[in-house]
Every structure is written in structure tokens, then in C-alpha cells.
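The sequence and the coordinates come first.

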Amino acid sequence: MKKQKVLITLFVGSLVLPNLIWAGFSGYFNTENNENRELASFPQVSLASLGDFPSQFEAFYKDHVPFKNALVNFNNFIDTEFFQTTKIGDVVIGEDNWLFYLPSKDGENAMADYQKTNVYSLEQSAEIAAKIEKVRDWFLDNGVGQFHYYVAPSKETIYSEYMPDKPEVIGVGDSRMETFARYMKENSDVEFDFLADYLEKYSEKYQLFRKYDTHMNNLGGYITNEKIVEDLTGECLPIGAIQVMMGTNPCRGDLSRMIGRYKELDDDREYGLDHFHDGVRYKVKKEKNEGGEEILKVFKSNSSNEKTLMVIGDSFRLRLEKYMPYRYQKTVFVRIDDFNQELLEKYMPDDVILITVERDQRYMENLDSYIIQAEEG
């Protein structure tokens, strides 16, 4: 009986004590959101939602359990250092600690992309192409002179040599995006470009992606930018014509944070670029919604190109913000989820480009609902 009381006391203490300590000292621990998603919020309590409360509270508690980040970081340290684990959650750990983001979920299945198990059928390609053509025509009908759609490759597409032996590539032949890009080239007059082949030419000489992040570095952003500028204006300033400098501060990233190695993985460096577009200067204005979230950025410069460009896209559009404003007198950057027809009417761009990343299938497959929703709504 005494033993049972001791066990019960220890069990209750294990549940209560961490929460009490956390309540008093949580400010001294890392509580950042290290996951690539929004954490669950505390559920609303009402008679109507009472039945859903237990599951919602469980999701909330799992996301906010005391000492969560410290425990996750310690577990990941054990996995990587002692058991040589090559996958933690959605992050794959490759050669020389290169990190890759390969989620497996609806709408963003990078693992299937890499393993080539989700290649589009001819019918699927035709359906998606029709939606892109519909969007292109919609922009042209609304006064846009040029429309181009670019798909940025995922990091593992360009730097597959750093991927571990597992996961294995299962499919044979072209990937999903390679298959679709070929379909577009052969069957559509939309200016559509999967940038993998173009960037591949530079990847052996230059490091184009951040080692511990999902995104391109400054070099990759500049090379991508000048490819787009040449398509739109016929002009290009090659990377070899400007000065490239290696930075000194560590270039950390979202992926190292996701596996709890943000401070430890510090050998990557960002690049600095100089001596391009001398004499051109720009100013930026940020616009936010009622909730304080940034909707778009508007750049104005003294470029000789008097046109206005609108860049619509996912987070990969941010890689162009450092360089594209030198090429247009007005450049508007907007997240694809925030785009609406009012923005188009307000800024009246001469040219529009769309850029999304290879792994995120949602935008390309449903482009008409993201872009033309304002008119139909």
C-alpha cells in the first residue's frame, strides 16, 4: 500500500511539477516556434464546441508542453550524434550536414517529388496547363503586357549529390516538374520555365542554396533574377561581371532550427554582391493589413526602365527583392495568398511574373483559384 502511494505521488508530481516550474521560469527557456506550421491555439470553451474540446486541448498541449524545445533538441542531438539518423521529422540530413526539407503531405509532397512517385499523367498536365493559360489570359485582359510563370527548383533537385542513400529514388526518368515543364513547352504558348536546368549550369561553380535553409542564398537569387530580367527586357548582367564576396558571419537557417541545431551548425556563409547597377537607387514601402501582417512591398527606383513589375509568389519571391528593384522604376512584391484584383488595379503593372517552388503543388495545380478569385468573388 505504501509503495502504491509513493508511485501515485511520483506520477502526479511528474505531471504537476514541470508545469509549476515552467510557470515561474519559462522566460529563461527557448519557446520559439521551430516548426514550419502554426502551432495550435487554446480552444474556445462553449457548449456548442464542448465535444471537440478534449482533442483540441490535446493538440494545444502537445504544441505547448513545458520544456518542449529543450526535450526535442536533446532527442535530436542523440539521434544525429549517436545513431546517425538521416531524417528528423520533415528534415533530411545529408552529406556534410546539408539539410533538406522533404515533407510528405497533401499539396506539398517533396518526398514524392524526390522519389519520382507523383508524376503527372497527360490528362493532369493538360488540366493544370489550362488553368495557367486561364490566368495568363486574365492578366492580359486586365492590361498586363507580359506574363511569365517560373518554378524554382527544390534544393534537393539541384544538390542531389548531398542527399543520403535513403530515401531512395524509386521512379525512373523525369520528375513531376520535369514532365510538366516538357508538356508546357510542347503544348502551350504560356511563358513557363522550370529553372532547374538553368541553375544546374551554375551549381558546380557556385553554391546557390543555403546549406541549412530551404531557400536560395544571394548568389542563387541574383542568378535567378538576371535570368528573369533577360526574359522580360532582353538585358542581363551576368554573375561573372560583378564582385562576389564571402561573408564572415554564420548563415544559419530554418532547417537547422527545426532539428534543434541552430547554433551548432554555423559553418555556412552568405555571399555579398557588389558593383552592379551603379547609380541606381531605390526606396521601399511596406503595406500591412488590419492585423499588422505584411501584405506587400513596393519599391521605387531611378532605373531607366519606366515600367512597373509585379512579382507574385511564395517565399522564393523574396530572393528577388534585393535585385529586381534595380531593373524597374516600380516593383511590387506580393505573397500569392494576399494577391487580389484590387492590387492589380491599384498598381497597373506592365509586366507580371509568378514564382513558386517545385515542392509546393498547391499553387500551380490551383492557380486560377488563387489569382482570379477576386473577380469571381
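In strand S5, Phe194 is the bridge partner of Val151. Strands here are DSSP runs of E with at least two residues, helices are runs of H or I with at least four residues, and both are numbered from the N terminus. The model is a predicted one, in which local features require pLDDT of at least 70 and side-chain atom pairs count only at pLDDT 80 or more, while totals for chains, interfaces and linings use all residues. Residues are numbered from 1 along each chain as its sequence is written, and side-chain values rest on heavy atoms, with hydrogens and water left out.

**Strand pairing**

Two strands count as paired if DSSP finds at least two bridges between them. Strand S4 (residues 146–152) also pairs with strand S12 (residues 351–357), in the parallel sense and over seven bridges. Within that pairing, Gln146 has Asp351 of S12 as its bridge partner. Six of the seven residues of S4 are buried, and the strand is thus described as mostly covered. Buried denotes under 20% relative accessible area, exposed over 50%, and partly exposed the range in between, with a 1.4 Å probe and protein chains only.

An open sheet is formed by three strands in the order S1-S2-S3, with antiparallel pairing. Its edge strands are S1 (87–88) and S3 (99–101), each of which pairs on one side only. S1 is joined by two bridges to S2 (residues 91–93), and these two strands run antiparallel. Lys87 has Val92 of S2 as its bridge partner. In general, strands of a sheet pair through backbone hydrogen bonds, either parallel or antiparallel.

**Salt bridges**

The structure holds 19 salt bridges. The term requires a side-chain nitrogen of Lys or Arg within 4 Å of a carboxyl oxygen of Asp or Glu.

| Pair | N to O distance |
|---|---|
| Arg136 and Asp137 | 2.7 Å |
| Arg182 and Asp174 | 2.3 Å |
| Asp193 and Lys227 | 3.1 Å |

In the pair of Arg182 and Asp174, Arg182 is partly exposed with a relative accessible area of 37%, and Asp174 is partly exposed with 34%. A network of salt bridges links Asp96, Lys211 and Asp267.

**A negative surface patch**

Glu161, Asp197, Glu200 and Glu204 gather in a patch of negative charge on the surface. Patches consist of residues with over 30% relative accessible area and no salt bridge, like charges being joined within 9 Å. Asp and Glu count as negative, and the place of a charge is taken as CG of Asp or CD of Glu. Asp197 is located in helix H8 (residues 196–203). With 64% relative accessibility, Asp197 counts as exposed.

**Backbone geometry and loops**

Most residues other than glycine have a negative phi, and most peptide bonds are trans. Which residues are joined by a cis peptide bond? They are Lys166 and Pro167, with omega at about 10°. Pro167 belongs to the loop between helix H6 (155–158) and helix H7 (176–187).

Asn97 is not a glycine, yet has a positive phi of about 65°. Asn97 sits in the loop between S2 and S3 and, at 38% relative accessibility, counts as partly exposed. His277, likewise not a glycine, has a positive phi of about 55°. His277 is placed in the loop between strand S7 (269–274) and strand S8 (282–288), and is buried, with a relative accessible area of 15%.

The loop between H8 and H9 contains Arg210. At 17% relative accessibility, Arg210 counts as buried. A separation of 10.0 Å lies between the C-alpha atoms of Arg210 and Tyr271, which are 61 residues apart along the chain.

How values were computed
Patches are made of residues with over 30% relative accessible area and no salt bridge: like charges are joined within 9 Å, nonpolar side chains (Val, Leu, Ile, Met, Phe, Trp, Tyr) within 5 Å. Accessible areas come from the Shrake-Rupley method with a 1.4 Å probe; for residues, only the protein chains shown count as cover.
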